[in-house]
Amino acid sequence: MQEARWIFSFLGKSKYKLYAAYVMSLLFNGLLAANTVLISRIADDVLTPMFENLKIPTSEVMQQMLPLLFLTLGIGLVAALFRFLSNIFREQASQKVTFDLRNALYQKLGLQTRDFFLSNRSGDLINKCSGDVDVCNHFLCWVSFSMLDSIIMLVIVLIVFFSVSWKFTLCELALAPIAGITALRMGKVVRPIFGEARQQLSRLNTVVQENIAGNRVVRAFAREPFEIEKFHKENDQYFDLQLKANKTWVTYSPILETVANTINATAVIVGSLLAIAGQISVGQLVIFTGMSWMLNSPMVQLGFLINDFQRFRVSCERVRELYDSSVEIKSPEKPVEMEEIKGDVDFDHATLTFDGNPILTDINMHIPAGSTIGIMGPTGSGKSTLFNLLTRFVDVRSGSVKVDGIDVRLFDLNQLRRNIGIALQDVFLFSDTVESNIAYGCPDTPVENVYASAEDADADGFVRKLPDGYDTIVGERGMGLSGGQKQRLALARALAMNAPILILDDTTSAVDLETEQYIQGRLRARAKKATTLIVAQRISSVKNADCIYILENGKITESGTHKELLEKKGYYYHIYQIQQGNISAAESEVQQ
Amino acid sequence: MARNKFNVDETLESEFNAQHLIRSLHYIKKYKKLLIGAFCFSLTSSVCSLLLPLFTKNAIDEYIPNKAVKSLLIAGFLIIMTVIIQAICNRMRSRCSAIAGQSIVRDIRTDLFVHLQELPFDYFDSRPHGKILVRVINYVNSVSDFLTNGMINVLLEIVNMGLIIVFMLSMHVRLTLVVFAGLPVFAIYIFSIKRIQRRAWQRQANKQSNFTAYLAESINGERVTQSFARESYNAEINRQLAQESREAYLHAVTINHSIWPITFVLQRVVQFAIYFIGVYYLRNSLALGVLIAMTSYANRFWTPIQNLSNYYNQMINTVSYLERIFQLMDEPVSVTDPEGAQVLPDIEGEVSFDDVVFEYEKDRPVLKNVSFTAKPGESIALVGPTGAGKSTIINLISRFYNLKSGVVAIDGHDIANATLKSIRSQMGIMLQDTFIFSGSIIENIRYGRLDATDEECIAAAKRVHADEFISKMPQGYYTQVDERGDVLSAGQRQLLSFARTLLSDPRILILDEATSSIDTNTEVLVQEGIKELLKNRTSFVVAHRLSTIKDCDRIMYISDGKIAESGNHEALMQKQGLYYQLYTSQLSAE
């Protein structure tokens, strides 16, 4: 019931709507009963005398009957209205909960970082936010109503039965414990199966999703049969689990049904025996047999309700898991107020470890506002992680990272990130227009800024050649564009922010040197010079930086200007030799 | 380019089309026996449930007045037997329809998935992936209930209605006609709302699809969103989409809920009319019992109609999902094995283009009469400005698209007549877009050749120098990775994808910007690996690094969909044409 309480707590003011729906549903049932009474009165008081005594004039009969008939019509209209409103109210109330849950979960996802996304597959997250929320909605809207109906029905029938004959009632209830035990047992058995089925659906979701996202790789390796086999495995497993849940249902529900229907039959048998023995009157027996369906139907319902309730519990738990998931990195309660950030960046003995393995060790960098630094180093040496510290995708284990002399952990997270324009190594574009993609970080920016940023990133030319220019919708992840084009859009996206700090994480690896040089020139010419941090593999990308850092195995092993580093004859010099070697060989060739 | 994004509804025909339902029969047919079985069990169970009232009547009319305890007990025993039979029948029905229903779900989903494997890239590039996903997963789940239980129940209700009509007619024909009088009114109502109702459910499906698409993309791009501090802005978009979906649902469901009250009120009106007409006009020809029985039957007559109207609602809803499912199934497959396609034999590696014309969109040719021949073992670099057609040439070698005219041949076999599998399985393509599947690192390498042993996978990783970083990871080759997580850097992903290609041991190798994110030291090592890899294989390389290009046997400068220059490095340099310009400008950039 804990889950039910939790979901009910989302109703807020809408709970009155739900209560109103409950009340109207009860009133509707009451009106139905009233109608039955009215009809039987017409039969007994008007029609029976009329047919027995043919001398009564028709007009007199009509005079008696018409008011009653109109009353049934009126009751019918009101009852229909109640039921209609009850349905609408419950839909509205539970949709409100669905709406709030969807928003809350979405916002939660926005707060999560690395570790969370590592341990939660996107197929699972999508399911939690859509399918599982829908199951909760179904519970509020339908299952809770059926539960209430059943309970009220049971209470009424028991009161009537006990008041008529307690002996008879006890006989009737003798079998009830069997039903109760069966239902509880079924609930216990079926719940883990529902849980597995939901998880399996998530796995299936993941396989299909990856197949869609990775469709180029699948085609390139002609792996369609392998993918289909992978899909079959999960699809069949889902099929099996669904049937396993059904197996539980068909194991227990016949017992419930037999017990429930036997109660009906025994009502007649025991009632008749008691009548024959003179313990009850035939009239009382008619009441019993007429009402025993009210005892029977909640029991038949019980099976369905337990089933649905367990399904709800499983989904609700999954939703809650996401809802309650802890957020590791959040804004401080009282963030430092900053009107404008200048752009000084400091890494002060910054150290980071994952699972005990050092990722970054004692990083010290002082980057004055407006300057440009370059970072080079082997694949996987921790270059991107440096930026993650600055943008707070991870927090340092010890030491600190500062902007304008203030620890980044003291800023409001959004304010901090809004002051950093970043072009990530792994380009992700959204399936939206080129213009919206460039303006992603500043949706209200004037188009002129979008165009200017695109020009600075050397993207304007190819964008204008696209079928709809800036209004062309690019594919999810930028599919359909070349690597170089994607990188240039990502760069334009970062530039459009006009942020005081700019991070370029291997942003020009897929563009040719000429283009890169053009871009660098444009960056230097920008009106407001941002503090720029460049990660690159090419000497040409970082050569002109104010300071170049070499990162190896999470440590800074060299730093200095291009000239200084060449003199050191270390890693940088070595890379320079390799790249220059190719060039000078080429140059001598050209001169020939 | 008809492209779609998260907040654009997909257009669908507005007329209700029973075609979709008829088409779904194709899936139902296979489980005909199960469904017929389920129907028979239901019927038996319904008949059993009718026996109890009969028993009650007998008890009151006969057993109690006659104090016939023995007959009572015998009849009671029999009744309890029917109770058990009923439970068994219901059990069988539930089992039959569950098996049929889940099988139908499995079949439809499989067909969708298999079809997805054949669709062109453009299909995936032109819409949010969430919109495809929701069809394969959610919609398919939504249709199964109507296709099994719904169908059975509709039949049961019709049988039920038929029986009641027979009873009524046998009792009193004229009053029966009075009961029927309510039907046209009901039919007019249903007919008049049909269009709005269908639109409402289509709209609801659209809004749901938009919501899911945005959600899915948001999850995958969360990193970017956070980097740009756009969470609250996106939350507002999500809120808008959720709101639209809620409104669309409430609108549609309100229409559905309006049907029941109509039937209820009609039922009351009919009841009124029976009493009125019975008393006013038929008083002399009617017995009281008949009148009361008729009203009770009239009420019972409307119950199946009310139930049918619920199934009707469900059907409208189901059809709006079915049409999207079938729409995806009908999505044309442009590249497929032709009739009598031949399996390409083990290839030597000669690739030739003969007067190839290609266009993505009509009358915008991307390649204009391209002809060349690559000899087996030759390495060819493709250079030229962005959008000139380099990637297109590469895509055509693997037959990712169909030509407008001309022939692409491998070893003299026109690849348009060969099976796709036999072409692509002999080709290794390293794309710009690396994709990492969720699973372990070794599984991702093995994607290149499924029967490779662990040792072979590790050997491939060693050759591209990926072993260095993999062995440093917490679980080494068994570390779990996926597309979105940032366990791997871009360079590491490229190395993995390289190992994957190497493992597949292709005859023809295509490298499309394959090493752009790898650091120089590793690249030098990898270059050695590449050189070895290129030996005895025909290869096509698209790259920006001069060193990679220069070493190729032949360089083709592609410009505006044509081969502008072709020859080896020295020859092209002497020519002092486009390639020379490119090369020297790159040098001055350094």
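Predicted model: local features only at pLDDT ≥ 70, side-chain atom pairs only at ≥ 80, totals over all residues.
Student: What span should the 42 residues of helix α10 of chain A have, and what is the distance between its end C-alpha atoms?

Tutor: At 1.5 Å a residue, helix α10 (residues 282–323) of chain A should span 62 Å, and because its end C-alpha atoms lie 59 Å apart, the two values agree.

Student: How is the packing of helix α3 of chain A with α10(A) to be read, and at what angle do the axes cross?

Tutor: Two packed helices are described by the angle between their axes and by the distance between those axes. Here the axes of α3 (residues 58–111) of chain A and α10(A) come within 9 Å and cross at roughly 45°, which means that α3(A) is oblique to α10(A). On the α3(A) side the contact is made by Leu101(A), Ala104(A), Leu105(A) and Lys108(A), and on the α10(A) side by Val319(A), Leu322(A) and Tyr323(A). Sorted by class, this contact has six nonpolar residues, no polar residues and one charged residue.

Student: How many residues of chain B are in contact with chain A?

Tutor: The size of an interface is often given as the accessible area lost when the parts come together, but a count of residues in contact can also be read. In this model 145 residues of chain B are in contact with 139 residues of chain A. Helix α9 (residues 231–280) of chain B supplies the largest share of the chain B side, with 26 residues, and that side as a whole divides into 69 nonpolar, 48 polar and 28 charged residues.

Student: In what order do the six strands of the open sheet in chain B stand, and which are the edge strands?

Tutor: The order is β6-β9-β10-β3-β11-β12 (chain B), with mixed pairing, and the edge strands, each pairing on one side only, are β6 (427–430) and β12 (562–567) of chain B. Neighbouring strands of this sheet are turned by 15° against each other on average, direction ignored. Within it, β11 (residues 554–559) of chain B runs antiparallel to β12(B) and is joined to it by five bridges, with Tyr557(B) standing opposite Glu565(B).

Student: Which strands pair with strand β1 of chain B?

Tutor: Strand β1 (residues 351–359) of chain B pairs in the antiparallel sense with β2 (residues 365–374) of chain B over six bridges, and five bridges join β1(B), also antiparallel, to β4 (residues 405–410) of chain B. Val351(B) stands opposite Ala374(B) in β2(B), while its bridge partner in β4(B) is Ile410(B). The hairpin of β1(B) and β2(B) has five residues between the strands, and in this hairpin Asp363(B) takes a positive phi near 65°.

Terms used. Residues numbered from 1 in each chain as written. Chains lettered and ligands numbered in written order. Helix = DSSP H or I, 4+ residues; strand = E, 2+ residues; numbered from the N terminus. Expected span 1.5 Å × (residues − 1). Contact = placed C-beta atoms within 7 Å. Nonpolar A, V, L, I, M, F, W, Y, C, P; charged D, E, K, R; others polar. Pairing = 2+ DSSP bridges. Axes fitted to C-alpha atoms, helices over the stretch in contact; angles between N-to-C directions. Parallel < 35°, antiparallel > 145°, perpendicular 65-115°, else oblique.
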